[in-house]
Number of protein chains: 2
Amino acid sequence: MSKPILYSAWTSSCSSRVRIALALKKIDYEYHTVDIKTEEEMREFAMTNPAKKIPILKINGLVLTESLAIIEYLDEVYPDPPLLPKDAGERAHARAIAFHIASNIQPLQNKAIIHKLNEKVPGYGAEVMDQRRHLPWLRSPGRASEDVLWEYCVGDQITIADLNLPSIVYNATDKYNVDITPYPLICKINKTLSEIPEFQASEPARQPDAPKKI
Amino acid sequence: MSKPILYSAWTSSCSSRVRIALALKKIDYEYHTVDIKTEEEMREFAMTNPAKKIPILKINGLVLTESLAIIEYLDEVYPDPPLLPKDAGERAHARAIAFHIASNIQPLQNKAIIHKLNEKVPGYGAEVMDQRRHLPWLRSPGRASEDVLWEYCVGDQITIADLNLPSIVYNATDKYNVDITPYPLICKINKTLSEIPEFQASEPARQPDAPKKI
């Protein structure tokens, strides 16, 4: 089998989830930058992925799309370390956090949409998409109170939920200047994750296509 | 164990996915309407679900949120009939379609967002959210061409992908007047699904809280 190929972009939140999963599972892969600038490039890319979206993972003869589906696949085929808890209820909970971020928070952080809105009414994109209204749910993801001492989003093991957290915190703070200090659990978990080498290696600025620092 | 309770609303696309899963797996449940009209109701509901979102399924002592996480739980704990294909690649593909609908199509069909946009610039919501741009991907979900003769979205078995299809077709056609005839595969699969009793029982108009026809 040839080496897996990840079609990614350094700024892509959805790609970052997959990068973290590949790193944690120690799967070596080629990183292909997708930077669609011309009609021709777009057509070529669209042939691989009619949704014209990254990430795409080519692996074991398959072309996989949608970050969370890719992560579930990796977890089934490369089970070590597991990215889902053993208990069915906790698994549901970890997936709920991942899906909530992927379908409720991230789409509203999407630059293309915000840009379209701002084009029409300057400043309106950020106003409509109000990053703040979804964050309180993450503050206590299914926890009775702030003082439950789980190390990660669900329990004391890294799960699919944690793979989704860094990029939305990055988007909220770096792109939209949201103050996340009122959410101490998010801050705490995000700090814990930011100290893990596999999460560090997956950070936007460390990708091959990120702008070089001078 | 007491009977499961589904917090739902007849118009909710995300709830309809769970209703279909419960029907296919023949799980008897109580239907609780969520119609948040007052501050007090909202506070009460928010205590159960800080995301203030439906569906919620109370089952086996758990409070589950996020439709796709709920469906994965049901499929693990009540495996008959399975809602995921046996092959890992096909499972990834079925999940990709489900996630694509849940995170790319449905959020942009959300009434609250469209309403906010229209408030500012009449008619602009529908324009920005342009239902059409995402539909072509569904036309051929991972298929080489239109003539691949699968009965459902992935293969010849109902999967999690199919549970997501009827509500977005309903939203696109009924709410936004999108002509879906250019997408014959979507039309064909949607028609097949619409003739299955469990899908029929889950249709918006058949829910206890739907307006009565006179």
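Q: In what order do the 4 strands of the open sheet in chain A lie, and what is the pairing?
A: The order is 2-1-3-4, and the pairing of this open sheet in chain A is mixed. Strands of a sheet pair through backbone hydrogen bonds, either parallel or antiparallel. Here two strands count as paired if DSSP finds at least two bridges between them. Strands (E, at least two residues) and helices (H or I, at least four) are DSSP runs numbered from the N terminus. The edge strands of chain A are strand 2 (30-33) and strand 4 (62-65), each of which pairs on one side only. Direction ignored, neighbouring strands of this sheet are turned by 20° against each other on average. Axes are lines fitted to C-alpha atoms, for helices over the stretch in contact, and angles run from 0 to 180 degrees between N-to-C directions.

Q: What kind of model is this, and how are residues and chains labelled?
A: This is a predicted model, in which local features need pLDDT of at least 70 and side-chain atom pairs count only at pLDDT 80 or more, while totals for chains, interfaces and linings use all residues. Residues are numbered from 1 along each chain as its sequence is written, chains are lettered from A and ligands numbered from 1 in the order in which they are written, and side-chain values use heavy atoms, with hydrogens and water left out.

Q: Which way do the residues of strand 1 of chain A point, and are they buried or exposed?
A: Buried means under 20% relative accessible area, exposed over 50%, and partly exposed in between (1.4 Å probe, protein chains only). In strand 1 (residues 5-8) of chain A, Ile5(A) and Tyr7(A) point one way, Leu6(A) and Ser8(A) the other way, and all are buried.

Q: How many bridges join strand 1 of chain A to strand 2 of chain A?
A: There are 4 bridges, and the two strands run parallel. Tyr7(A) has His32(A) in strand 2 as its bridge partner.

Q: Which residues stand opposite each other in the antiparallel pairs of chain A?
A: Strand 1 and strand 3 of chain A run antiparallel and are joined by 3 bridges, with Leu57(A) as the bridge partner of Leu6(A). Strand 3 (residues 56-59) and strand 4 of chain A are also antiparallel, over 4 bridges, and there Ile59(A) stands opposite Leu62(A). Helix 3 (residues 67-77) of chain A lies across strand 3 and strand 4, at about 130° to strand 4; contact means heavy atoms within 4.5 Å.

Q: How many residues does helix 8 of chain B have, and which are buried?
A: The expected span of a helix is 1.5 Å times one less than its number of residues. Helix 8 (residues 160-175) of chain B has 16 residues and reaches 24 Å from its first C-alpha to its last, close to the expected 22 Å. Its buried residues include Leu163(B), Ile168(B) and Val169(B). After helix 8 of chain B comes Asn177(B), with a positive phi near 50°.
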